[in-house]
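This report is for a reader who is new to the structure shown below. Local details come before the overall picture.

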Amino acid sequence: MSSIMRKFKIMAAGAIAVLGMAIAIPAAANASGESADMDFSLTPKSGSFFKDAYRSADWNFQTTISTPDPVILPMKVADLSLPPNSQMTFNPPNDMPVCPDSQVGPPPVNVSVPVETVIKRCPDSVIGNGTAVFVLNRNNLNPAAALDGYIVAFNGGKVNGQARVKIYAFSYDTGVGIYTEGTLSPQGDLAFNIPQLTSDSSVSNLNISLPGKDETYFLANQQISVDLPAGQAPDYVQARCESGSFDYAGSFELGTRDTDGTPISPTTVVQDQGSVACTGAAGRARLQYARVSGPRALNRRGTKTFRVRVRNNGTATAKGVRIRTNGKWVRSSNRRVSNIPAGRTRTYRVRVGLRSRQARRGRRTVVRFRVTARQSNARLATQRVRVR
């Protein structure tokens, strides 16, 4: 499974807050028993999915890295294999601002700031939220070493036409924030390079939701509340259920690194995979409009090409699509054309000629293009032309 992530340098480490007790690395130097447990869900925001039409969805993935060993290896890469674009897409709205790298991005941008502060940098670009668990000093035996982190996902625009997700995570216990990003490929690959944490600590849990919902967490040790806003684009994730399931997998690279990011230990790879059942309704095609463009004049002999643009705004593929042309002095035709997928627009080239013996030069006529499909409504488009 290939990574599609850009590589990032580590964030400048901040000072670690005193946790009330020393958290030292256990005597054991190597961890070897890690395993991964990945959960994935993709559910319609309302009603049910369709077989053909994409509908807004709630998206969530959660992964847990665990081991019975005293030391847990840090996560370096989280490489996810999710449903491909034929089943699921990320859709940044055209009117949603892109959160620039100068505000939330790779170093040297400082993201070691509280959630409220980072949201103010890109208040209209939030697409989701989540949580994390960081294991300080990789100490798997001391419960006090497990520190909560809070995640906000931002719209990073598109890279080569594919959605870019920017991830900010912050620990209130250490006062340190990190940044990573991933771009969803057409095949469903989404990879995150995890920056090195303070003291080369570990990420034992990642939980990210798009668009998610408003969440509030009370931090008893600091007596503050952390508000994580839901994403502002309810249609950011869209999916359809054609095969009856969504397959997923995760591959996680683990290992220790030096302060400059150089690997110290060999890379350990742990994996998990699964499938989520889904139900797709049959739906029904609906031709929303037919529009024609082309020449404003026709010769008595020969033909000219018109373009007929048809939109299927229904919940099923429009099949058996035909375009019938007629009109005064117009040679009638009845042409079968390609299907129109649900939610898509197709443009067809249609050649039109006149009945030369009947047409009158200098007069005008109307060419009618009637578009039909099986079990669907019909649409009519017209073009007024002059006879030459």
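In this predicted model, a polar atom of the N142 side chain lies 3.0 Å from the backbone nitrogen of A144. N142 is in the loop that runs between β6 (126-135) and β7 (146-159). With a relative accessibility of 19%, N142 counts as buried, because the cut-off for buried is under 20% relative accessible area.

The loop between β6 and β7 also holds R138. R138 is not a glycine, yet its phi is positive, at about 65°. Its relative accessible area is 14%, so R138 is buried. N160 lies in the loop between β7 and β8 (162-171). N160, which is not a glycine either, has a positive phi of about 55°. Is N160 buried or exposed? N160 has a relative accessible area of 77% and is therefore exposed, as the cut-off for exposed is over 50%.

Most residues other than glycine have a negative phi, and most peptide bonds are trans. Two cis peptide bonds are described here, each ending at a proline. One runs from P107 to P108, with omega near 15°, and P108 is placed in the loop between β5 (88-90) and α1 (115-121). Another joins L210 and P211, with omega about -10°. P211 is in the loop between β11 (202-210) and β12 (215-219).

The table gathers the relative accessible areas of some residues.

| Residue | Relative accessible area | State |
|---|---|---|
| R138 | 14% | buried |
| N160 | 77% | exposed |
| S251 | 12% | buried |
| F50 | 18% | buried |

The table includes two strand residues, S251 and F50. S251 belongs to strand β15, which covers residues 245-254. Which residues does S251 touch, not counting residues up to four places away in sequence? They are V77, A78, D79, V269, V270 and Q271.

F50 is part of strand β2, residues 49-50. Leaving aside neighbours within four places in sequence, the contacts of F50 are R55, R240, C241, G280, A281, G283 and T315. F50 and C278 are 228 residues apart along the chain, and their C-alpha atoms are separated by 9.8 Å.

Contacts across the sequence can also be described for the protein as a whole. Among contacts with a separation of 6 or more, 71% are between residues 24 or more positions apart.

The protein has 25 strands and 1 helix. Its radius of gyration is 28 Å, whereas the globule rule gives 21 Å for 388 residues, so the protein is more spread out than a compact globule. The C-alpha trace spans about 100 × 40 × 35 Å along the principal axes.

Of the 388 residues, 51% are buried. The protein exposes about 18,200 Å², and 46% of this area is supplied by carbon and sulfur atoms. Its charged side chains comprise 50 positive and 26 negative ones. How far apart do the centres of the two sets lie? The distance between the centres is 36 Å.

Technical notes. Residues numbered from 1 in each chain as written. Predicted model: local features only at pLDDT ≥ 70, side-chain atom pairs only at ≥ 80, totals over all residues. Heavy atoms only, no water. Helix = DSSP H or I, 4+ residues; strand = E, 2+ residues; numbered from the N terminus. Rg over C-alpha atoms; globule rule 2.2 N^0.38 Å. Buried < 20%, exposed > 50% of the residue type's maximum accessible area, 1.4 Å probe, protein only. Contact = heavy atoms within 4.5 Å. Areas by Shrake-Rupley, 256 points an atom, 1.4 Å probe, with all protein chains shown as cover. Lys, Arg positive; Asp, Glu negative; His and termini not counted. Charge placed at Lys NZ, Arg CZ, Asp CG, Glu CD. Polar contact = N/O pair within 3.5 Å; in protein donor to acceptor, adjacent residues only side chain to side chain.
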